[in-house]
Each structure stands twice: as C-alpha cells, then as structure tokens.
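User: Could we go through this model together? I would like to begin with charged side chains and then turn to the strands.

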Amino acid sequence: MSFLNKLLTAATVRRSLRLLLGILLFASSLPLLASAKLHTAPILIVDTEQQLIMLDPQAQSILKTFQFDFPLHQKILHSKDGQFAYLSSPEGWLIQLDLQAHEIRQKRRVAQQTTGIALSVDDRYLMVANSSPCSLIALHAEDFSLIRTLDVKDKNGKASAVAAIYSAPARKSF
C-alpha cells in the first residue's frame, strides 16, 4: 500500500478530503515557484485539527507535524528560494517556517482577526489584512518587525474590515 493510500485510509473522510485539497493546492502553485530547490521542498498541508503536516515528497513520509493552539488559514506563501513558508491564522497569528531546518522560525500575533497575508515580490515585506482591528499591517518578512499600521476606514470615516490582500507582481506592489 502506498504512503498516500495509508495516510488516506488512516484518516476520516473529511480529513482525507482536506489533505487531498492541500496537496492539489500545493501542486497547482508549483508553476508559480521558480526555484529548482522547490521540487524537493517539503509539502505543507493544513489539517482540520489546528495542525500543519510537513511531508517529504521524495521519501513519501511525514517529516514533522506542528500542533497549534489556533486554527490556520489554508493559504501558504513560499519565499522564492523555497527556504521559508508563511502562514496566518484567523486569530491574528503569523508564522514563518524554515523548510530546510523543519522548524518554526518565528511566530507573532499582530491582530485579533486576520483575513489574509501577502508576500512582496522580492520576499522582503509581508502585508497583513485584518478585520479586527480594521487595518493593514506592513511587516519586514525577515523578522516580523513592524513597518507601519494603516487604519482602514470607509468614505464616512467608519472603520472598515479588510477582506483580503494580494501581491501585484507586475506592479511590484500589493
């Protein structure tokens, strides 16, 4: 029985579907990741039970499982060189994983409710979208140090939640 079959038969149907979705999302992002190192980089899958599973695609085995006290967003950002992965949680946490050392490099809470993150084209900056407090937060990706917090308001001056943030590679902006 193959590794994937064992993994799928050992899990519940819902968990299996989320696992498969994670694999498909990672595979669909491969053309966007240019480095040759990424073909041997670990595959990251966000599980339903507040955990992140790191898979070795060559050995077809689980490298490590990270357990968190909070849920994670499904979106995982990768640095161009394949060394780092960035995740966020709906509860305002940011996580940087070192994919070569198989460890959490840093973790920081930046808001009460985060809706998404975006990584700059040059991998230097992270932008965090929040619904509470209603803001955009710019951080240095290297150490999560704060650059600036932008309070977001509608045309009447009322605080307005930020639903999402995306990088715009062609414009080298967000």
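**Charged pair and strands**

Analyst: The side chains of Asp-122 and Arg-124 meet in a salt bridge, 3.9 Å from N to O. The term stands for a side-chain nitrogen of Lys or Arg within 4 Å of a carboxyl oxygen of Asp or Glu. This is a predicted model, in which local features need pLDDT of at least 70, side-chain atom pairs count only at pLDDT 80 or more, and totals for chains, interfaces and linings use all residues. Residues are numbered from 1 along each chain as its sequence is written, and side-chain values use heavy atoms, with hydrogens and water left out.

User: How many salt bridges does the structure hold?

Analyst: The structure holds 1 salt bridge.

User: What is the mean pLDDT?

Analyst: The mean pLDDT, the predictor's confidence in each residue from 0 to 100, is 83 for the protein, and 77% of its residues reach 70 or more. Over residues 30-36 the pLDDT is below 50, and this stretch has 4 contacts beyond near neighbours in sequence, a contact being heavy atoms within 4.5 Å. Where pLDDT is low, the predicted coordinates should not be read in detail.

User: Now the strands. Why is strand 6 largely enclosed?

Analyst: Strand 6, residues 93-98, is largely enclosed by the rest of the structure because 5 of its 6 residues are buried. Strands are DSSP runs (E, at least two residues), numbered from the N terminus.

User: What happens in the turns?

Analyst: The hairpin of strands 5 and 6 has 4 residues between the strands, and Gly-92 takes a positive phi near 90°. The hairpin of strands 6 and 7 also has 4 residues between them, with His-102 at a positive phi of about 60°.

User: In what order do the strands of the open sheet run?

Analyst: The order is 8-9-10-11, with antiparallel pairing. Strand 8 (113-119) and strand 11 (146-151) each have a single partner strand, so one side of each is left without a neighbour in the sheet.

Note on methods
Buried < 20%, exposed > 50% of the residue type's maximum accessible area, 1.4 Å probe, protein only. Pairing = 2+ DSSP bridges.
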